[in-house]
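Thanks for coming. I have one structure to go through today, so please look at the screen.

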Amino acid sequence: MAQPLFWNQAAAEPKRSHRFLVTFDLPSGTNTQIFARTFVKPAYTIGVTEHKFLDKTFYYPGAVSWNEITAQFVNSASPDMDNELQNILLLSGYTLPSAVDGGAALNSRTIGKFAAVNAIGAKVRVSELNAACATLGTYVLNNPFITSVAYGTLDYSSEDLLTVDINFRYDWATY
């Protein structure tokens, strides 16, 4: 049995899952790199429409739907990631209940897409790297916003790094 062409090349090297970098394009125009432990690459689903004709069934491709992404980041003390995520939530349009009237204030503002996308930047980039840290390719999440944040567990019996799990929703991705 002949080997695939890839393995016959002396200089061929596969991509490695531990060589990547996550960058946020912040509204201020700066790029921020965050220490990520894991990042699920973009994935999509193509809907299917069924059409019946006489005793036959035919299928047609439908709309593309991009799947939510989960990433795990190392929770940093400087800058304080918990504080940064709280600020992103507030910049997205969330308002805290007012303490003046017992916490039942009517919020005059709610979370909106424009504000949520601008709170973290219009693009999130995940670059795959080679051994020399040169970029092999970059996935770009367009119009991303955070849908959930789960802070790590504090535990006296563990010396692990504290992490934050963040889910992102986005309109589409490019490579």
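The model is predicted, so to speak of it: local features need pLDDT of at least 70, side-chain atom pairs count only at pLDDT 80 or more, and totals for chains, interfaces and linings use all residues. Residues are numbered from 1 along each chain as its sequence is written, and side-chain values use heavy atoms, with hydrogens and water left out.

Start with the layout. The protein has three helices and 11 strands, where helices (H or I, at least four residues) and strands (E, at least two) are DSSP runs numbered from the N terminus. Along the sequence the order is α-β-β-β-β-β-β-α-α-β-β-β-β-β. Of the 175 residues, 24% count as buried; buried means under 20% relative accessible area, exposed over 50%, and partly exposed in between, with a 1.4 Å probe and protein chains only. The protein exposes about 12200 Å², and carbon and sulfur atoms supply 57% of that. Those areas come from the Shrake-Rupley method with a 1.4 Å probe, and for residues only the protein chains shown count as cover. Contact here means heavy atoms within 4.5 Å. Among contacts between residues at least 6 apart in sequence, 55% join residues at least 24 apart.

Now the core. In soluble globular proteins, nonpolar side chains tend to be buried together. A nonpolar core is a set of buried Ala, Val, Leu, Ile, Met, Phe, Trp, Tyr and Cys residues joined through side-chain atoms within 4.5 Å. Which members of the largest nonpolar core touch the most other members? They are Phe 39, Phe 73 and Phe 168, out of 20 residues. At least two residues of this core come from each of strand 1 (20-25), strand 6 (69-74), helix 2 (81-91), helix 3 (113-120), strand 7 (123-129) and strand 10 (163-169). Take Phe 39 on its own. Setting aside neighbours within four places in sequence, Phe 39 is in contact with Phe 20, Val 22, Ile 69, Thr 70, Ala 71, Val 124, Val 126, Leu 141 and Phe 168.

On the surface, Phe 53, Leu 54, Phe 58 and Tyr 60 form a nonpolar patch, with about 480 Å² of accessible area together. Patches are made of residues with over 30% relative accessible area and no salt bridge, like charges being joined within 9 Å and nonpolar side chains (Val, Leu, Ile, Met, Phe, Trp, Tyr) within 5 Å. Tyr 60 belongs to strand 5 (residues 56-66) and is partly exposed because its relative accessible area is 46%.

Next, charges. A salt bridge is a side-chain nitrogen of Lys or Arg within 4 Å of a carboxyl oxygen of Asp or Glu, and the count by this rule is five. Lys 52 pairs with Glu 50, with the closest N and O atoms 3.5 Å apart. Lys 52 is exposed at 56%, and Glu 50 is partly exposed at 45%. Lys 56 pairs with Asp 55 at 2.9 Å. Asp 171 pairs with Lys 113 at 2.7 Å. That pair links distant parts of the chain, 58 residues apart: Asp 171 is in the loop between strand 10 and strand 11 (172-174), and Lys 113 is in helix 3. Lys 15, Lys 41 and Glu 128 are linked in a network of salt bridges.

Asn 142, in strand 8 (residues 135-142), is buried because its relative accessibility is 5%. Its side chain reaches the backbone oxygen of Val 140 at 3.5 Å. Beyond four places in sequence, Asn 142 touches residues including Tyr 170, Asp 171 and Trp 172.

Asn 167 is in strand 10 and counts as buried at 18% relative accessibility. The side chain of Asn 167 makes a polar contact with that of Thr 70 at 2.8 Å. A polar contact is a pair of N or O atoms within 3.5 Å; within protein, one must be able to donate a hydrogen and the other to accept it, and residues adjacent in sequence count only if both atoms are side-chain atoms.

Last, the backbone. Cys 133 has a positive phi of about 65° although it is not a glycine, and lies in the loop between strand 7 and strand 8. Asn 143, also not a glycine, has a positive phi of about 55° and sits in the loop between strand 8 and strand 9 (145-151).
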